Amino acid sequence: MFREALARVWICWLLVTTLGWTWTGHAHSCHEVKTAFQLRQVGPLRWVPETAAPDAELQICKHQGPTCCTRKMEESYHAAALRDTLQNILSYSFELKYLILGHSSAFHDTFQSLLSFTLNHTLSLFDLAYEPIARESRPLVAALFSDLSLYLHGDADISVERSVHRFYDDLFPLVYRYLVNPGLRSSSSSWSAEGTECLRATRPDVNPFGPQPQALAQGLGRALAGGRALTRALVAGAEVLNATESAGMAKECGRALVRMQYCPHCRGLTLIRPCGGLCLNVMRGCLAGLAELQAPWSRYVGLLERLSGVLAGGHELELALLGIRERINDAILNAQLHGPHLSAVVDKVCGSLTQSASSTLGSVTAESLATSVQPITELLPSTPSTSPDSHGQQHNRVTLKKRSLPLKPSKNDKPRSLKKISKEFMGYIQRYKSFFSTLPEMLCEGEMVVDDYACWSGEDVVESYTGLVVGNGLQAQRHNPEIKVRGVDPVLVQAKGKLEQFNQEMWAEMGLGSEEHEHVEVGSGNTMETSGECDDEDGCQGSGENEDSIDRPELFFQPPTARARPGTSVKAAACTLDSSPILHSLLLLLPLLLSRLGLDSA
C-alpha cells in the first residue's frame, strides 16, 4: 500500500511540475535542460532557449504546450543518441572481440613456438646422425616446416600430404648419393642434374622410404587439421564482429532513440528514465539486423567449443610434430637397410647418375636444390642476428634460432601449453553463445531504465509501460509499436551469409552428421568452464575434471588431398602413435617442449 501510494505521489509531482508551465502565467526556465545538454555534449549551448515556449517546427518531440527544445536541438539529439548507442554496443562487443583476437594471437604464438622447437629438434637428427647430408638437407627440412606453418594458419594453397611427399622427393637424391651409395662421392665423374631429377621423380614408384612418407603425411594431416580449423574459425569470427561495427543504424532508429531518451528533456524532465518495455522495443527494433546473426552465431560458437575441445583433450599436435624426426629417421634407415636392392632398381630406372667432370659438383647441386631453397630463404639466415630490425623481420616465421634448453623450467614460468590455452578459451567463449539475442537487454540494464514508481513511456510519464513488448529478430518487429523496421543493413546480410557458409563448410570438413549438428545448434553450451589458473600440468591435483572425463568429440577431418601418385603402393601407412615404437621417446620429449613454450611466452 505504502509503495503504491508513494508511486502515485511521485507521478502527481511530475505532472504538476510539467503542467505548471501551462497553469502559471510565467515562462518556465530551461536551465536544467541546458545543463544536461552540456553534460552529455549534445551540441552548442546557444541552441537551447532560456525559457520554454511552444514550437511547431518540432518533428520528433511534438508537444502542445511550451517546450525547451528547438529543431536544431532535435537534430543534435538525433546524432547524440545514435553516437551513444553505437558506443554502448561497441563497449559490449569489445570484450568478445578481444577474447577472439587475444586467443587467436595466443594460438598463433604457441603454434610458432611448437614449430620452431620441433624444427630444431628435427635438424639435430641430421647434425648428429647423418652429418654428410646435414648441410644440404637443412633447407629441405625448413621448407617442410614452413609449409606446415602456412597450413596451420589457414593457407588454402598448402596441402600437408603434398608438402610431405615433396620433402621426401627432394631428400631421396641426398640419401641415395651420400648414405646408400657413398662411393659415388669419390667417383671421378660428377653427379648429374638428370640423375638427381630422375631420383626425385621416381621416388614414389621406387618407394625407398617404405610406409613412412604416407604415415607421416596422414598423421600430420589429422593432427594439424584441428589447429588449422580453429585458426580459420577465429579469423571468421573477427570478421563478423568487424562487420557489426561498420553497420549503420536506420533513420527510424535514431528517431525512436530521441523519443525515448531526450523528449522528456523538452518538458524539463531531465531525471525521468524510460520504461523497461519501451527500451526493449526500441533496442530490439534498432538491433533487428544484429539479432538475425544469432542463429549462425550460436552454431559458430558451438563449432569453436568443439575445435578447442579437440586441442584441449590431449597433446596430439605436439606429439605429431615431435614425431617428424623419428619418422624421417625410420625412413632413412629403411633406405639404407634395402640399399643393394634399391641400387639395382635405380640402375634399371635411371641408368647412370654421373657425368663427366667438366661440370662441377657445386653448380649441379645448387641447381638441383634451387626449387626447394627458394621459397624458404627467409627462414635460413646465414649468420645469427640479434639486432631489433632482424628480430622484427623474423616475426611470424619459423626460426632456426638456437638456444640453450634448460633441464628444468622455473616454477614461476608456468607453461602456456596448447591444451591449457584451449581449455581456457572453451571456458570463456561459451558465455557469448547468445550474445546477439541478449544485447538489447544488456543495453537496457543499469541506469538507463527504471521500472519503479514512474517512467517515461515515449509520450508521457506513466506508472508502467502498457505497450506490447516484442521479441528479437526481423519478423518480430512487424508488431513493434515504437519503431518500424523496413530492412536490414546489407553489411549485416552479407556477414550472415558468410558465417552460415563458413559453418556449413567447417561442419562438413569435420565430418559431423546432421543429428550431431542439430545437437550443437540447440545445446546450451554446458562445456566445462575453467579459470585457467591451475592445471594438472602445473602439478595441481584435483584442480578440475579429470582429463579422461573431458567430453572430447571424435572429429574426422577431411583435409584437402594432394594429387594422386600413380604406381604408389603403400602398406601399413596408418599413423597411430599409440601403436608406434617411438611413443615412449616422444612422451619423454613432451615435458621439455611444454617447458620450452612456457619460457617463450614468459
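User: What counts as a disulfide here, and how far apart are the sulfur atoms of C253 and C286?
Analyst: A disulfide is a pair of cysteine sulfur atoms within 2.5 Å. In this predicted model, C253 and C286 form such a link. Their sulfur atoms are apart by 2.0 Å.

User: Which helices does the link of C253 and C286 join, and how many residues apart are the two cysteines?
Analyst: C253 belongs to helix α8, residues 251-261. C286 belongs to helix α10, residues 276-286. The pair links distant parts of the chain, α8 and α10, and the separation is 33 residues.

User: Is C286 buried or exposed?
Analyst: Buried means under 20% relative accessible area. C286 has 14% relative accessibility, so C286 counts as buried.

User: Is the disulfide of C198 and C350 left-handed or right-handed?
Analyst: The sulfur atoms of C198 and C350 are joined at 1.9 Å. The torsion about their S-S bond is about -85°, so this disulfide is left-handed.

User: How many residues apart in sequence are the parts tied together by C279 and C444?
Analyst: A disulfide joins C279 to C444, with an S to S distance of 2.1 Å. C279 lies in helix α10 and C444 in helix α19 (residues 435-444), so the pair ties together parts whose separation in sequence is 165 residues.

User: How many disulfides does a search of the whole structure find?
Analyst: Among them are the link of C198 to C350 and that of C279 to C444. The number found in the whole structure is 7.

Key: Residues numbered from 1 in each chain as written. Predicted model: local features only at pLDDT ≥ 70, side-chain atom pairs only at ≥ 80, totals over all residues. Heavy atoms only, no water. Helix = DSSP H or I, 4+ residues; strand = E, 2+ residues; numbered from the N terminus. Buried < 20%, exposed > 50% of the residue type's maximum accessible area, 1.4 Å probe, protein only.
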